[in-house]
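The entries follow in the order of looking.

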Amino acid sequence: MLKKLNLIHYAILAMSLTPVVQAATDCATQTDIPPLECEALVALYTSTDGENWTYNLNWNVTDMPCDWHGVSCAGGYVTELDMSYLNLTGPIPSELTNLTNLNRFSMSSNKLTGSIPSELGNLTNLQSISLNNNQLTDSIPSELGNLTNLQYLYLNNNQLTGSIPSELGLTSLEWLFLDENQLTGSIPSELGNLTNLQHLDLNTNQLTGSIPSELGLTSLKSLNFSTNQLTGSIPSELGNLTNLNYLYLDNNQLTGSIPSELGNLTNLYYLYLDNNQLTGSIPSELGNLTNLQYLYLDNNQLTGSIPSELGNLTNLYYLYLNTNQLTGSIPSELGNLTNLDELNLSTNQLTGSIPSE
C-alpha cells in the first residue's frame with residue numbers, strides 16, 4: 001500500500017513540474033483591439049518566425065495584444081508597432097493593412113525579405129515608416145503616395161530596385177532616406193513638391209539623368225546624391241537651399257561649371273563635388289561659405305587659378321583640390337586656414353609654395 005502511495009506522490013510531483021503550454025491567442029475573444037487588428041499581429045508573428053525573435057514577450061501567448069512587446073495602443077486600437085532589432089525573418093504580411101490607426105511603424109535592422117506590401121498605402125494615419133537595414137527587394141510601391149500624413153520614410157540599406165515613384169512627392173515628408181539600394185531611373189521632379197523636406201538621401205544607387213532644378217527647397221538641411229550615375233550640370237537653383245548644412249554630389253558624372261550661386265549656402269558645413277567631370281574655374285563666391293569645414297573638389301577638370309577668397313574659410317579642416325587642371329600660383333591667403341588638418345593640391349599645374357600657417 002505504501003509503495004502504491006509513493007508512486008501516486010511521484011506522479012503528482014511530475015505533473016506539477018511539467019510546464020504548462022499556453023494556448024495561442026484567441027483573437028475572437030480578446031477585448032484589447034478589434035479582431036482584425038489582432039489577426040494582423042498574429043500574421044506578423046507567423047510570417048516573420050516569431051518563435052525565434054530575440055525578444056517576443058507575450059506575443060501570441062496572451063489575450064492582451066496591447067501588452068505584447070513593441071505594440072502600443074490607444075483608444076482600443078494599435079497605434080504604434082516597433083519591432084526593430086528583433087531578428088525578424090521572412091516577408092512583411094499584407095494583413096498589416098488592417099492596422100488602420102497605426103501612426104508609427106518600425107521594423108528596421110532585421111532580416112526581412114520579399115517586397116514592401118502595397119497595402120501599406122492604406123494606412124493613411126501613418127506618420128513614420130522605418131524599414132531600413134533589411135533585405136527587402138522589388139520596387140517601392142507607388143501606393144505609399146497615399147500616405148498624406150507621412151513625415152518620415154526610411155527604406156535605406158535594402159535591395160530595392162526600380163525607379164523612385166513620382167507619387168512620393170508628399171508635402172508632409174520631412175525625412176526621405178532611400179540610400180544604399182539598387183534604384184534606377186531619374187530623380188522625379190515631383191520631389192520638388194516636398195516643401196517641408198529637411199533631409200533627402202539617395203546616395204549609393206544607380207540613378208541616372210540630371211538633378212531636377214525643382215529641388216530648390218529652402219527647408220532642406222542635407223542633400224545627398226553621391227555615388228550614382230547622374231549627368232548634366234549642377235542646377236543654380238541649389239543656391240536657394242540657404243538652410244543646407246550638407247551637400248554631397250560626389251562620385252557621379254556631372255559636367256559643366258560649379259554654380260556661383262552655391263556661395264549663397266552660408267550655413268553649409270560639408271561640400272562634396274569630387275569625382276565628377278566638372279569644368280571651368282572655382283567660383284570666388286565659395287569664399288562666402290565661412291562655416292564650411294569640408295571642401296572636396298578633387299578629381300574633376302577644373303581650370304583657372306585658386307581663388308584667394310578661399311582663405312576666408314577659416315573653419316576648414318579638409319581642402320581637396322587635387323587632380324584637376326588648376327594653374328597659377330598658390331594664394332598666400334591659404335595661410336589663413338589655421339584649422340586645416342589636410343590640404344591636397346597635387347596633380348595640378350600650380351606654381352609657388354604652400355603658404356605656412
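I took strands as DSSP runs (E, at least two residues), numbered from the N terminus. This is a predicted model, where local features need pLDDT of at least 70 and side-chain atom pairs count only at pLDDT 80 or more, while totals for chains, interfaces and linings use all residues. Residues are numbered from 1 along each chain as its sequence is written, and side-chain values use heavy atoms, without hydrogens and water.

Entry on strands. I counted two strands as paired if DSSP finds at least two bridges between them. I found β1 (residues 71-74) antiparallel to β2 (residues 77-82), with four bridges. Opposite S72 I noted E80 of β2. I then followed β2 to β4 (residues 104-106): they run parallel, joined by three bridges. D82 has S106 in β4 as its bridge partner.

Entry on E285. I located E285 in the loop between β12 (270-272) and β13 (294-296). Its relative accessible area is 31%, so I logged E285 as partly exposed (buried is under 20%, exposed over 50%, partly exposed in between; 1.4 Å probe, protein chains only).
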